Amino acid sequence: MALTEELIIPYMDMGAYPACSNVRWVEYPGRCNYVKLTAECTSVGSFVDYVNLYYCILEPLSPFQEFLAMSTVFLTCIVIFFILNITADRFFCPALKVIATVFGMSEHLAGVTLVAFGNGSPDLFSTLSSVRDFSRAIFSDMTGGAIYVVNFVAGLICVFAPFQMQGYNILRDVSFLTLAFLYIEYAIISDGKVTTKESTRMLIIYFTYLTIILFDQYLLKRGISRLEKILRRRPFLPERTKEEIRAEINILRAEADMQLLSRVSKTSVISTEERRVSSYIQDVGSNNKLIAQFLNSINPFEEGEWENGTKFQRSTLILKIPIRLMLLLFMPICDYELDAHGWSKLLNCLQVAYMPLGSLCCLFRNKFYLIINYVRLMVLLIPPAAFYLFLRTKTYRPPKYHVMFALLTTYGSMFIIYTCACEVVQVLHIFGLILGKSKAFLYCTILAWGNGVGDLVSNLTFAFGGYQKMGFAACLGAPFFNTLLGVGTVYLYRCTNGERGFTPARTGYLGENSFVFLIVTLSCLLTWTLSTNYYARRIMGLFHVAFYILFVGYAYMVETEFMQTFAPFG
């Protein structure tokens with residue numbers, strides 16, 4: 001029976017609403033007042049208060065109006081996906097390729113470190129933000145997110161871009177991910193609490209893994225160097241032996257280095273140095289064609305995009321153009337495929353001046369005292385640096401330290417991904433309120449989609465660009481990074497700031513169920529990689545996508561009490 005507006009008025013005066021999800025039991029005219037007076041309904045971490053937008057501005061008063069309001073809010077998700085797609089395709093992926101090339105990282109190493117950290121930051125920050133929220137079952141939430149990324153995102157990569165894996169890397173990563181969740185499950189479920197030693201061991205496991213993958217990269221480089229020395233120092237070796245050594249060097253280089261591929265043709269790009277000096281002009285001033293270069297750099301259209309596009313492509317282009325323009329003004333481009341590697345003197349100098357300050361102000365917009373301190377620091381450091389950059393650079397040739405702009409672009413892209421993930425989570429929170437499901441179900445399913453939206457878009461962008469190994473590696477690296485660092489840091493903080501040396505740990509009624517699904521997922525992943533000689537086939541991708549749909553269906557049936565969970569509620 002729905003609550004009438006008269007029945008809830010006494011509670012409005014007291015502000016004593018038990019939960020935001022109870023808004024569905026309130027009559028339509030009283031829902032706006034309900035969410036205004038319920039603290040839990042306040043959107044935290046997003047630019048738009050979607051709950052207030054839905055219930056007070058759109059204010060549906062009938063089921064049909066509610067459907068229209070839901071459709072309007074859902075359009076926000078479409079816009080956010082466009083922002084993420086453009087960010088990943090034009091900024092994030094090219095910048096990471098530059099960083100990986102400069103630091104001599106392999107495609108797999110870049111995936112489990114750089115891409116995993118960039119995509120996993122929303123999940124990590126979401127976990128760290130709940131350090132004082134003892135009611136949240138972090139283990140259940142992180143496990144649900146891992147199931148989504150390992151099954152759905154990695155499955156889509158296999159479906160749309162099958163590829164040959166590197167056996168040792170996959171076995172190592174899956175083994176470590178399994179070890180991490182087995183240990184966390186043991187630490188939490190064995191006695192319902194986590195001690196300081198147990199939370200410290202979680203962090204040790206992650207840094208041990210990080211040390212191993214870096215050492216593996218070092219051994220690969222060392223092996224290549226050793227073979228090259230043999231060729232140089234023994235010129236009189238039989239020609240057949242030389243060919244065998246060269247073939248082995250090529251195999252090791254394919255694993256140790258990342259080949260630069262064109263974003264469009266998927267073929268190797270020309271020499272990076274040729275691209276860097278392709279627009280070099282002698283005997284002209286350092287500010288030659290400064291304004292023309294600036295205007296060309298912020299041109300949101302690609303060559304022939306409008307003329308050769310279909311009606312549907314042109315209609316989507318109308319939405320993409322303002323998004324591209326804002327991103328081009330906000331973030332620098334550092335791309336080895338472009339002439340002068342995307343260098344634009346005036347634009348880049350301006351971005352150095354305002355991008356770090358603007359992003360930090362957005363991140364800490366609710367903490368005025370922090371913004372003031374950051375503004376003071378930035379005003380003293382950044383504008384002089386931007387002015388010095390303008391005086392010491394030329395329009396037609398990027399500076400030697402232009403690679404530093406790739407780091408700036410990566411930071412900006414991570415900020416965009418994190419911001420978009422926060423917005424998607426809040427939008428999906430509206431659907432959770434409408435469905436009236438528990439927090440445990442929402443965190444394991446719907447909100448996991450929001451936090452994993454960066455993984456979905458970025459990893460698929462890498463895969464479509466010819467970097468399937470990087471995208472798939474990130475699907476394993478991100479849950480490993482988020483879970484160990486997120487869970488380990490939160491519990492370590494609680495233990496060290498408590499008086500008992502341990503902290504209670506909740507699994508949630510879906511926690512053990514999610515854990516079983518994840519272990520089955522990783523076991524199946526190991527089985528089919530071994531049986532297919534480490535080739536990611538489409539049928540295996542379809543299996544993982546179907547398995548994730550099965551998990552969501554099971555969670556829904558448990559939520560509706562159609563099925564009984566085999567784990568105790570908690």
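Let's start at arginine 172 and aspartate 173, whose side chains meet in a salt bridge, 3.2 Å from N to O. By salt bridge I mean a side-chain nitrogen of Lys or Arg within 4 Å of a carboxyl oxygen of Asp or Glu. Both arginine 172 and aspartate 173 are buried, and buried here is under 20% relative accessible area, exposed is over 50%, and partly exposed is in between, with a 1.4 Å probe and protein chains only.

A word on where this comes from: it is a predicted model, so local features need pLDDT of at least 70 and side-chain atom pairs count only at pLDDT 80 or more, while totals for chains, interfaces and linings use all residues. Residues are numbered from 1 along each chain as its sequence is written, and side-chain values use heavy atoms, with hydrogens and water left out.

Back to the charges. Side chains of opposite charge can pair when their charged atoms come close. How many salt bridges does the rule give? The count comes to eight. One of them joins arginine 31 to glutamate 66, with the closest N and O atoms 3.3 Å apart. That pair links distant parts of the chain, 35 residues apart: arginine 31 sits in helix α2 (residues 31-36) and glutamate 66 in helix α4 (residues 63-102). Helices (H or I, at least four residues) and strands (E, at least two) are DSSP runs, numbered from the N terminus. Arginine 31 and glutamate 66 are both buried.

Now look at arginine 240 and glutamate 244, a salt bridge with the closest N and O atoms 3.9 Å apart. Both residues lie in helix α9 (residues 239-256), four residues apart, which is about one turn of the helix. Elsewhere, salt bridges that share partners join Arg172, Asp173 and Asp216 into one network.

Let's zoom out for a moment. The chain has 21 helices and four strands, and of its 570 residues, 52% count as buried. Take the contacts with a separation of 6 or more: residues 24 or more positions apart account for 77% of them. Contact means heavy atoms within 4.5 Å.

Here is a helix pair to find on the screen. Helix α6 (residues 138-160) and helix α19 (residues 468-496) pack at an angle of about 175°, with their axes 9 Å apart. The axes are lines fitted to C-alpha atoms, for helices over the stretch in contact, and angles run from 0 to 180 degrees between N-to-C directions. So α6 is roughly antiparallel to α19; that label is for angles over 145 degrees, with under 35 roughly parallel, 65 to 115 roughly perpendicular, and the rest oblique. On the α6 side, the contact includes Met142, Val149, Val153 and Ile157, and on the α19 side the residues include Phe472, Leu476, Val487 and Tyr491. The contact residues divide into 16 nonpolar, four polar and one charged. For that sorting, Ala, Val, Leu, Ile, Met, Phe, Trp, Tyr, Cys and Pro count as nonpolar, Asp, Glu, Lys and Arg as charged, and the others, Gly among them, as polar.

In the largest nonpolar core, which has 147 residues, Met202, Phe472 and Phe480 touch the most other members. Such a core is a set of buried Ala, Val, Leu, Ile, Met, Phe, Trp, Tyr and Cys residues joined through side-chain atoms within 4.5 Å. Helix α4 gives this core its largest share, 17 residues. Leaving aside neighbours within four places in sequence, methionine 202 is in contact with residues including Tyr183, Val194, Leu484 and Tyr491. A second, separate core of seven residues includes Ile245, Ile249, Leu252 and Ala256.

What about serine 514? Serine 514 lies in helix α20 and counts as buried, at 0% relative accessibility. Not counting residues up to four places away in sequence, serine 514 touches Thr143, Ile147, Cys444 and Phe551.

Most residues other than glycine have a negative phi. Asparagine 533, however, has a positive phi of about 55°, and tyrosine 534, in that loop too, has a positive phi of about 60°. Asparagine 533 is exposed, at 56% relative accessibility, whereas tyrosine 534 is buried, at 17%.
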